[in-house]
Amino acid sequence: MYAVIKTGGKQYRVAAGDKLKVEKLAGDVGSEITLDKVLLVSDGENTTIGAPLVKGASVQAKVVSHGRGDKVLIFKMRRRKHYRKTQGHRQSFTEIQIEKIAAK
C-alpha cells in the first residue's frame, strides 16, 4: 500500500516503513505526527485519487530527527560593473519515518 502526500509544497510517494527528509515540521524527536494532505491512496488493485484530497485518508509518521542540509552557495555578478555578491544557504529539514497509511 502506498500514498502520495503533500507537505512543504512538495509531493512524496510513501509506503509504510519509508524514511524521508521533508521541509521542517513542528514536533519533537520521537513524537507522532499526522499528515492529512493525501492526494492518492493505492493498495495494489484499488487506487483512489483525490479531488484534490482523498477524504478520510491520513498518514501517520514518526519524527526521527531534525537537521540542516548541505550549504548551497549563491554567487551573483554583473560583468564590467564591479559587482560581486556571495551568499550561502542551508535548508532545515525533518526526517520522518512512515508508520501507517489509513484510508476509508
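Which side chains meet in a salt bridge? They are those of Lys10 and Glu23, with a nitrogen-to-oxygen distance of 2.7 Å. Keep in mind as you look that this is a predicted model. A search of the whole structure finds 1 salt bridge. Side chains of opposite charge can pair when their charged atoms come close. Here, Lys10 sits in strand β2, which covers residues 10-15, and Glu23 sits in strand β3, residues 19-23, so the pair ties together parts that are 13 residues apart in sequence. Lys10 is partly exposed, at 37% relative accessibility. Glu23 is partly exposed too, at 23%.

Let us stay with charge for a moment. Lys24, Arg68, Lys71 and Arg90 form a positive surface patch.

Next, is Ser42 buried or exposed? With a relative accessibility of 2%, Ser42 counts as buried, because the cut-off for that label is under 20%. You will find Ser42 in strand β5, made up of residues 38-42. From there, its side chain reaches the backbone nitrogen of Gly44 at 3.4 Å.

Now move to the start of the chain. Met1 belongs to the segment before β1 (2-7), and at 51% relative accessibility Met1 counts as exposed.

The backbone deserves a visit of its own. Most residues other than glycine have a negative phi, and most peptide bonds are trans. With that in mind, where does this model hold a cis peptide bond? Look at the bond from Ala51 to Pro52, which is cis, with omega near 0 degrees. Pro52 lies in the loop between β6 (47-49) and β7 (58-68).

Our last stop is the loop between β8 (72-78) and β9, where you can find Arg80. Its phi is near 65 degrees, a positive value in a residue other than glycine. His82 lies in the loop between β8 and β9 too, and the phi of His82 is also positive, near 60 degrees. Arg80 is exposed, with a relative accessible area of 70%, and His82 is exposed at 84%.

Key: Residues are numbered from 1 along each chain as its sequence is written. This is a predicted model: local features need pLDDT of at least 70, side-chain atom pairs count only at pLDDT 80 or more; totals for chains, interfaces and linings use all residues. Side-chain values use heavy atoms; hydrogens and water are left out. A salt bridge is a side-chain nitrogen of Lys or Arg within 4 Å of a carboxyl oxygen of Asp or Glu. Helices (H or I, at least four residues) and strands (E, at least two) are DSSP runs, numbered from the N terminus. Buried means under 20% relative accessible area, exposed over 50%, partly exposed in between (1.4 Å probe, protein chains only). Patches are made of residues with over 30% relative accessible area and no salt bridge: like charges are joined within 9 Å, nonpolar side chains (Val, Leu, Ile, Met, Phe, Trp, Tyr) within 5 Å. Accessible areas come from the Shrake-Rupley method with a 1.4 Å probe; for residues, only the protein chains shown count as cover. Lys and Arg count as positive and Asp and Glu as negative; His and the chain ends are not counted. The place of a charge is taken as NZ of Lys, CZ of Arg, CG of Asp or CD of Glu. A polar contact is a pair of N or O atoms within 3.5 Å; within protein, one must be able to donate a hydrogen and the other to accept it, and residues adjacent in sequence count only if both atoms are side-chain atoms.
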